[in-house]
Amino acid sequence: MKDLITPRTLSGFKDRMPDEAYAKSCIINTVSEVFLNYGFMPIETPHLEYADILVKQGSDEIQKELYRFKDHGGRDVALRFDQTVPLARFITQHRHELEMPFKRYAIGNVFRGERAQKGRYREFTQCDFDFIGSNSLSCDCEIIQVIYSSLTSLGIEEFTIWLNHRDILNGILEHFHLSNHCEDVLRIIDKLDKIGLDGIKQELSSLNIENEKIDSLCNIITIKQTSHYKDFFKEVAYLKDFNETLRRGLEDLESMLNIIDALEFGISTCKISFSIARGLGYYTGIIYETTLNRLKSLGSVCSGGRYNDLTKSFSKEHLSGVGASIGIDRLIVGMRELGLLKEKHTTSRVLIIAMREEYLGFAHRVAQTLRQSNIRIEVYPDCVKIKKSLSYANAKGHEFSIIIGDLEFQNKTLSVKNMTSGIQMDNISLLQCISVIKSN
């Protein structure tokens, strides 16, 4: 007899039980409808790419987390770590088949060999939406609208979209003569919420930056908007005198917020924080992260920004873009903690129970008719004691059970039991049954 294999999952990877998998599919269906409402169309790219497509496209930290190996043909390949780099390859490869500007969304799994933690795994689902081929701030505004519409459509009301601009950060570093440390400093700044200000200062000192300069830098990057955005820009107007880069970033951000101010959801959801850095190296303009107000420690559930050199690694043509990614896995964790996910899900409202095997044909015929009336329905496959089948209905969360016994089968009528109230109606017609179910 062969030794049995111990069933186990790799660290950082997970199985999803039916309730969670169903909740995830509902979230994806909901946000997909939002994307389509804004004119974004779906595309798909492979999980596996040639390694040179992905290498050096993300931060040094992400490069260390890359799953890279030789395939059976000896080719150097890697699993995608995000959806944006494959998008750049896709745009370049299919450039003449696409109308510009191009609006796309892509939902699929990505892989990073990082330390697993709450709501963050080594395989996780990214839900990206991007606007390619235009430099207009209108595109940036629309991405923020999509973030807002996506979260509110999921029943999330209390969240903040934190905004910054890479030119603001670049201008600050330029002012302190730290441009040669740009990537390292931005990576450290991006960890402010995780390691705190003291941790930031300690890591910056490891770059041999003077303590006085570190203190001055931290005084600026910790600036957050607490007043109306117009008042905020008056308060930080002095920064425009530092250099042209900083001035451009501040004016860009203010211009975009002027557009957002005209939208129905108002300006209160969007706040500026100079510590938002976004670790990925391809961001060049406005950047944003979205946090749930009651679960700030969870981190960003939707983040992104403007990238002006999307296809530079693949083409000499200049194509800019702006987009964001919803972290589905982290969002599920947050929604569960906020009580926005039902504990039990069922794909059908009704369970049909046949008391004898000879009634199963009639049971499936009834089920077929009900499905034609857009009622989701399941037929219990075995003829067992009624207590067992009703227990199954309760466990699955069915709202109704239709019971077919001797009398019902002979008369071609039905018995319908409301699983919540316990009220049962006997010997009713199929049309009456449909009416009862649809009215509840």
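Modeller: One term to start with: a residue is buried under 20% relative accessible area, exposed over 50%, and partly exposed in between, using a 1.4 Å probe and protein chains only. This is a predicted model, where local features need pLDDT of at least 70 and side-chain atom pairs count only at pLDDT 80 or more, while totals for chains, interfaces and linings use all residues. Residues are numbered from 1 along each chain as its sequence is written, and side-chain values use heavy atoms, with hydrogens and water left out.

Colleague: Fine. How many helices and strands does the protein chain have?

Modeller: The protein chain has 16 helices and 16 strands. Both are DSSP runs numbered from the N terminus: helices are H or I with at least four residues, strands are E with at least two.

Colleague: And what share of the residues in the protein chain is buried?

Modeller: Buried residues account for 50% of the 440 residues. The C-alpha atoms fill a box of roughly 90 × 60 × 50 Å along the principal axes.

Colleague: Which residues of helix 12 are buried?

Modeller: Eight of the 10 residues in helix 12 are buried. They are Ile 328, Asp 329, Arg 330, Leu 331, Ile 332, Val 333, Gly 334 and Met 335.

Colleague: What covers them?

Modeller: The cover includes helix 1, strand 6 (123–132), helix 5 (137–153), strand 9 (286–292) and strand 11 (321–327). Just after helix 12, Gly 339 has a positive phi of about 75 degrees.

Colleague: Back to Asp 329. Which residue does Asp 329 form a salt bridge with?

Modeller: Asp 329 pairs with Arg 16, and their closest N and O atoms are 2.0 Å apart. A salt bridge here is a side-chain nitrogen of Lys or Arg within 4 Å of a carboxyl oxygen of Asp or Glu.

Colleague: Where do Arg 16 and Asp 329 lie?

Modeller: Arg 16 is in the segment before helix 1 (18–37) and Asp 329 is in helix 12 (residues 328–337), so the pair ties together parts that are 313 residues apart in sequence. Arg 16 is partly exposed at 24% relative accessible area, whereas Asp 329 is buried at 5%.

Colleague: How many salt bridges are there in the whole structure?

Modeller: The search finds 22. One of them joins Glu 358 and Arg 356, with the closest N and O atoms 3.7 Å apart. Glu 358 is partly exposed at 49% relative accessibility, and Arg 356 is partly exposed at 40%.

Colleague: What about Lys 417: buried or exposed?

Modeller: Lys 417 is buried yet has no salt bridge, and the nearest side chain of opposite charge, Asp 426, is 9.0 Å away. For charge, Lys and Arg count as positive and Asp and Glu as negative, while His and the chain ends are not counted. Lys 417 sits in strand 15 (residues 414–418).

Colleague: Which residues is Lys 417 in contact with?

Modeller: Setting aside neighbours within four places in sequence, Lys 417 is in contact with Leu 390, Glu 399, Phe 400, Ser 401, Gly 422, Ile 423 and Gln 424. Contact means heavy atoms within 4.5 Å.

Colleague: New topic, helix 6 and helix 7. Which residues meet there?

Modeller: From helix 6, Arg 166, Leu 169, Asn 170 and Leu 173 meet Cys 182, Val 185 and Leu 186 of helix 7.

Colleague: Where is His 177?

Modeller: His 177 is in the loop between helix 6 and helix 7. Its phi is near 55 degrees, a positive value in a residue other than glycine. His 177 is exposed, with a relative accessible area of 65%.
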